[in-house]
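Dear colleague,

I am passing on the structure that we talked about, and below it you will find my notes on what was found. Please read them with the model open beside you.

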Amino acid sequence: MAAFVAATILPAQSESVLVLMILAGKQPVAALVAVASLGNVLGSVVNWWLGRSLERFGARRWFPASGEALERARRWYARYGRWSLLASWLPIIGDPITVVAGVLREPLMSFLLLVTLAKTGRYIVLALAAVGFT
């Protein structure tokens, strides 16, 4: 759940939850990485869908992304194209990039491939670091 929420525009941290669960040693590391990755990618799909629906919801006060954050992500995406989705794991800019990918109508399959690679890669690195500390 933490990985899902962390991947949406809502502020949350999934990395610390993953590392703490790995250090607790009660679940297989591969399973923890897989579940965190799946949740995080699904959260990014929510962002992509929000982006696709932005025209309908973007002007509402409750919309969770500021216009400034979306504009930064739009410039990033315009400069690097779909490859900018490899930065979707980054704090602060990663989630808006996934929204902009939806706004700019990135096809879902290429979106899923690149976001899954980025988000899973981050969790693998964290898991390797956590295992190295035990």
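**Aromatic pairs, a helix crossing and a buried glutamate**

A search of the whole structure finds two aromatic pairs, where rings of Phe, Tyr and Trp (its six-membered ring) pair if their centres lie within 6.5 Å, and planes under 30 degrees apart count as stacked, over 60 as edge-to-face and the rest as tilted. In one of them, the ring centres of Trp48 and Phe111 are 6.1 Å apart and the planes stand at 40°, so this pair is tilted. Trp48 belongs to helix H3 (residues 29-52) and Phe111 to helix H7, so the pair ties together parts that are 63 residues apart in sequence; helices here are DSSP runs (H or I, at least four residues), as strands are (E, at least two), numbered from the N terminus. Phe111 is buried, with a relative accessible area of 0%, and Trp48, at 11%, is buried as well; buried means under 20% relative accessible area, exposed over 50%, and partly exposed in between (1.4 Å probe, protein chains only).

The rings of Trp76 and Tyr80 have their centres 5.2 Å apart and their planes at 55°, so that pair is tilted. Trp76 and Tyr80 are four residues apart in helix H5, and about one helical turn separates them. Trp76 is partly exposed at 31%, and Tyr80 is partly exposed at 39%.

Before going further, please note that this is a predicted model, in which local features need pLDDT of at least 70, side-chain atom pairs count only at pLDDT 80 or more, and totals for chains, interfaces and linings use all residues. Residues are numbered from 1 along each chain as its sequence is written, and side-chain values use heavy atoms, with hydrogens and water left out.

Next comes the packing of two helices. The axes of H5 (residues 67-80) and H6 (residues 94-103) come within 8 Å and cross at roughly 70°, the axes being lines fitted to C-alpha atoms, for helices over the stretch in contact, with angles from 0 to 180 degrees between N-to-C directions. That makes H5 roughly perpendicular to H6, because angles of 65 to 115 degrees are given that name, whereas those under 35 count as roughly parallel, over 145 as roughly antiparallel and the rest as oblique. Among the residues that meet are Ala69, Leu70 and Trp76 in H5, and Pro96, Ile97 and Val103 in H6, with contact meaning heavy atoms within 4.5 Å. Ten of the ten residues of H6 are buried, so this helix is largely enclosed by the rest of the structure.

Ile92, in the loop between H5 and H6, has a positive phi near 70° although it is not glycine, and Ile92 is exposed at 72%. Arg105, in the loop between H6 and helix H7 (108-133), has a positive phi of about 60° and is partly exposed at 41%.

Glu106 is also found in the loop between H6 and H7, and with a relative accessible area of 6% Glu106 is buried.

With best wishes
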